[in-house]
Amino acid sequence: MSIYYLVSSLPSFNFGDRPYYSSVAFVRLCSDWISCSELDELESISLDVNSSHLPKNAFAKNWYNVLCAISNSTAKIRASALNRDISNSFKEQKAFYSEVDKGVQEAFSADNPMERERKLDMLKWFMLDLLESGHQFDFEKLCAYKLRILICEKWLPRIEPDGRKNLDE
């Protein structure tokens, strides 16, 4: 079944926006348009490397390589600050991205831990832009869209007015 119409009907949003669909609602919407194996892949793709699920499509494999690169780069910076050797602790990384090392270094230049986390998520958003290139109306576009929803959902509870209200309570 062609997903051209599904992809073309998806509303766009930016980092920090409230997406029109929740990740659960988005997967439910896609279930009528994609195969069962693609649905399993879409349900399992996440912001974390899941060792129990090995991705089948190239986009998901590349995404998990990006996550491993971010994790390894973060570990190098933290180990350097603590003067520890972590050479045996790195995750297997099948690709290297110069943008990741630069982005992680920039994120760790922030004094505020929440700002550091925001910059790391902005790096993930940027890397999704790179991975998504050339995938306009295909399953990979749906994977990237879901990951963008997950990034935005992560930040929804951290909206500043709500945080101030929670702090006062």
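This passage describes the overall build of the protein and then turns to one of its threonines.

The model is predicted: local features need pLDDT of at least 70, side-chain atom pairs count only at pLDDT 80 or more, and totals for chains, interfaces and linings use all residues. Residues are numbered from 1 along each chain as its sequence is written, and side-chain values use heavy atoms, with hydrogens and water left out.

The protein has 8 helices and 0 strands, where helices (H or I, at least four residues) and strands (E, at least two) are DSSP runs numbered from the N terminus. Along the principal axes, its C-alpha atoms fill a box of roughly 55 × 45 × 25 Å. Among the contacts (heavy atoms within 4.5 Å) with a separation of 6 or more, 66% join residues 24 or more positions apart. Of the 169 residues, 41% are buried; buried means under 20% relative accessible area, exposed over 50% and partly exposed in between, with a 1.4 Å probe and protein chains only.

Threonine 74 has a relative accessible area of 9%, so it counts as buried. Leaving aside neighbours within four places in sequence, threonine 74 is in contact with Val104, Phe108 and Leu120. A polar atom of the threonine 74 side chain also lies 2.8 Å from the backbone oxygen of isoleucine 70.

Notes. A polar contact is a pair of N or O atoms within 3.5 Å; within protein, one must be able to donate a hydrogen and the other to accept it, and residues adjacent in sequence count only if both atoms are side-chain atoms.
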